[in-house]
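Trainee: Could we go through this structure together, one region at a time? I would like each answer to end on the value or name I ask for.

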Amino acid sequence: MTGGGWFEAYCADAPSGDVLCGAAGDDRAAWVAAFDELSALSGGTLASARERAQRHADDIGTVYRVAGESEERRWPLSPVPLLIGSTEWRAIEAGVAERADVLEAIVADIHGDQRLVTEGALPAMLVTGSPLFLRPMVGLEPPGGHHLHFVAADLCRDPDGTWRVLADHVRVPVGAGYALENRLAMGRTLGGLPSRVNIERHAPFFAAMRAGIAAACRRAEPRIGLLTPGKLNPSYAEQAHLARYLGFLLVEGADLAVRDEQLYVRTIAGLKRIDALWRRIDPRLIDPLAFDATSTIGVPGLIDAMAAGNVVIANSPGAGVVESPAFAAFLPALAQRILGRAPTLPTIATWWCGGAAERDHVLASIDQLVIGPAFAQPVLGLAGGPVLGASLDAVQRATLADAMVRRPQDYIGQEVAELSTMPTACGERLEPRPFSLRVFAARGPDGRWSVLPGGFVRIGDQPDARAAVMGEGSWSADVCIHGPDPVAPISLLQAADSVELRRNPGTLPSRVADNLFWLGRYLERGEALLGVIRVLFGHSISADTGAALAPATVDRLVRIITDTGAARRPPSHRRRDLVDFGREAMEAVEGGASVRAINRFAAGIGAVSRDRLSADMVRLLDAPHPTNGTLLDRAGTLQRRYAALAGLSAEHMGRTDAWRFHDLGRRIERAMAATRTLLAIDLRHASAEDLSTLLDLADSQISYRQRYLIGFARVPVVDLIALDPGNPRGIAFQIETISDHLTRLPVLNDAGIAEPQQRIAARLVAALAMGSAERLDRGWLLEVNQQLGNLSDAIATRYFLQGAQALREAGLTLA
């Protein structure tokens, strides 16, 4: 079916308030073009189109987490975008910018002269009774003169085509990253659509937002951070994507410190000044000295630095007071007062029950209203949030009415908004589903608002078009603003002749270095353990080939595994016992030493390092443990995964300090694994089979056979594994690489004296250079292994955060 056929077939059954009904001219042509692209993509089946759009979203790494859950979920993306004509959008855009100005004026008044309260335009109880009102912010002039830098609004379209505001978001506006990711996924899915209908781009909006925050800073080239609560936040993946896209540092509270009313980030090169924070953390938790003293994720003294004008915080703490649902009851009158006319975008009719007349109206009209909490926190009778009054039974209604009489200020009533519908892929049909639109506005460098051309829509999974029933929605879709004029190919990339060349990748926070270091260690640790298991399986419990290892060699392999704590010692070397032993070492869920557990730790680091790792690497780290095939088959799958991760880190990561810490972790862990393997084999009485096993574990069989035509001999094997600097799997190679990395990492003093970690590495290099394969014994190996552990500790002490460690004074770098 052609796009025109899809359009006519859908409109024949769609409700009269659907966005397609009545579409004519350019609007109709845009929808027909979208359906043409969808038809060509799907081959006539919507299921394949939906699957392809979802796959592109997965490839980008678009995920989210439901509050209270530990696992991330796939971002549900519909392949059908919402199309809005540029003429209609200009009115929405103007209304959103106008509303942002109104909200800025209200926030400034609440924290300044408070004339709105003193003159009776705003009840004092609505301000001071809100948990989002932060009294320490009263009288504080924000750097740059603006409280709001980034706002969002949820809009609904009535069946008659009128756009209205459902809710405002200024405290922690979420979703711009998802809008960006939706656009990237849809660009891959319906690649020909942007040029056919001239879809406006997102890049100018994000460029204006970045420039706007920078313009409010005191330094000409400010360092800007995105302050995140951490990986368990529902929108952490979105925050990481935005930080990477905008070039912001993704930081947590523990990364930051205030010194002399200046904000700094702890980095591997000392303290580096932060000029602005895009805050994605609850403002009540941002500074335990100013607000919630129990907060463990804030930055002590941050508000003092802000008050001194040394750090811009977007948005200012305390701005969220206007986000309370009860404010919607007063916004129309406040907008009229501030603008001198009615606002362009009307607000959903709201009644705050703090007034006697309003309370009586809500109680009398409860069947026609949505009843909700006034301050977006649970209240008696509404434990699950807003409810349709008509859905309450007699007991629930009586309980709620009694609560509203006793504490009316805690409740609001809102009209039941009827939503327009849009086409959504449901099975093999396009079905009308209700939607709401989230739009975003950012303050540009000139102080004026820039509105993202589009946003994202949330789509209900049921035909019921009431907003209260749809809730948060079950699907998301891109929003495309189309027009008659071609769109210039603008991106965040600046003109080549306007950019000062840099080969320094920027600031590396200590926490990030720590994470990458341990990611390398975990990956090498898991691969080394898997290697021992594979050697044990491949030679002792393989098919009936008669090539089983000698009991003494099997016992040594078992001891290597049990020494790691991955599995308990098997009762015997019989096939069944060894299979159970290997399965426990590879797949045990309990404990933290099996291959599965080690991979789980690595995946956890990958989840908090999305701004530093490629989407492919994060996806491989997060891949589920294999379940198909035999145990040896599953081991092979894991080995290929480790190889892919090693290839990505070796060939796709720039040779930056971040990569050096990742590689340092790998090298230290590989060297320690090699020394433990040599210690497990009695080198003085090693058999040919023991030596062959050593070469298997060190992945050095081919290198040995290329050099020596004779059979296995102790001295050549030991030299290749321990002392040969040309063997990339050997100890000497790891030590030399470690030493090279440490000479290239920053130091805290300029006296030219080696730091502790460099001195330990130098001693190890000397020990390997002076070592002799003939005289290498257990004592030498134990000393090397001990020094490798000391080296790891020295690196951690020098470069990584140590709990509540005070700011480093020695060689302090303040830049």
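Mentor: The place of F517 is in helix 16, residues 510-540, where helices (H or I, at least four residues) and strands (E, at least two) are DSSP runs numbered from the N terminus. This is a predicted model, in which local features need pLDDT of at least 70, side-chain atom pairs count only at pLDDT 80 or more, and totals for chains, interfaces and linings use all residues. Residues are numbered from 1 along each chain as its sequence is written, and side-chain values use heavy atoms, with hydrogens and water left out.

Trainee: Is F517 buried or exposed, and what is its relative accessible area?

Mentor: Buried means under 20% relative accessible area, exposed over 50%, and partly exposed in between, with a 1.4 Å probe and protein chains only. Leaving aside residues up to four places away in sequence, F517 touches F661, H662, L664, G665, I668, S792, I795 and F800, contact being heavy atoms within 4.5 Å. F517 counts as buried, because its relative accessible area is 0%.

Trainee: Which residue of strand 5 stands opposite A152?

Mentor: Strand 4 and strand 5 (residues 163-169) run antiparallel and are joined by six bridges, and two strands pair if DSSP finds at least two bridges between them. Their hairpin has five residues between the strands, and there G161 takes a positive phi near 95 degrees. On the strand 5 side, the residue opposite A152 is H169.

Trainee: And which residue of strand 18 stands opposite A152?

Mentor: Strand 18 (residues 429-443) is also antiparallel to strand 4, and six bridges join them. The residue of strand 18 that stands opposite A152 is F440.

Trainee: How many residues of strand 4 are buried?

Mentor: In a regular strand the side chains alternate between the two faces of the sheet. In strand 4, F150, A152, D154 and C156 on one side are buried, as are V151, A153, L155 and R157 on the other, so that both faces are covered. Strand 4 (residues 150-157) is largely enclosed by the rest of the structure, because the number of its eight residues that are buried is eight.

Trainee: Which backbone oxygen does the side chain of N198 reach at 3.1 Å?

Mentor: N198 lies in the loop between helix 8 (193-197) and helix 9 (203-215), and N198 is buried, with a relative accessible area of 15%. Its side chain reaches the backbone oxygen of P484 at 3.3 Å. At 3.1 Å, the side chain of N198 reaches the backbone oxygen of G483.

Trainee: Which element gives the most to the lining of the second largest cavity?

Mentor: A cavity is a set of points, on a 1 Å grid over the protein atoms alone, where a 1.4 Å probe fits but cannot get out, and lining residues have an atom within 4 Å of a point. The second largest cavity has a volume of about 60 Å³, and its lining consists of G95, E98, R99, V102, L331, A335, P343, T344 and L345. Two or more residues come from each of helix 4 (86-110) and helix 12 (331-339). With four residues, the element that gives the most is helix 4.

Conventions: On a 1 Å grid over the protein atoms alone, a cavity is a set of points where a 1.4 Å probe fits but cannot get out, and a pocket is an open set with protein on both sides within 12 Å along at least five of seven lines; lining residues have an atom within 4 Å of a point. Grid points are joined across faces, edges and corners, and a volume is the space filled by probe spheres set on the points. A polar contact is a pair of N or O atoms within 3.5 Å; within protein, one must be able to donate a hydrogen and the other to accept it, and residues adjacent in sequence count only if both atoms are side-chain atoms.
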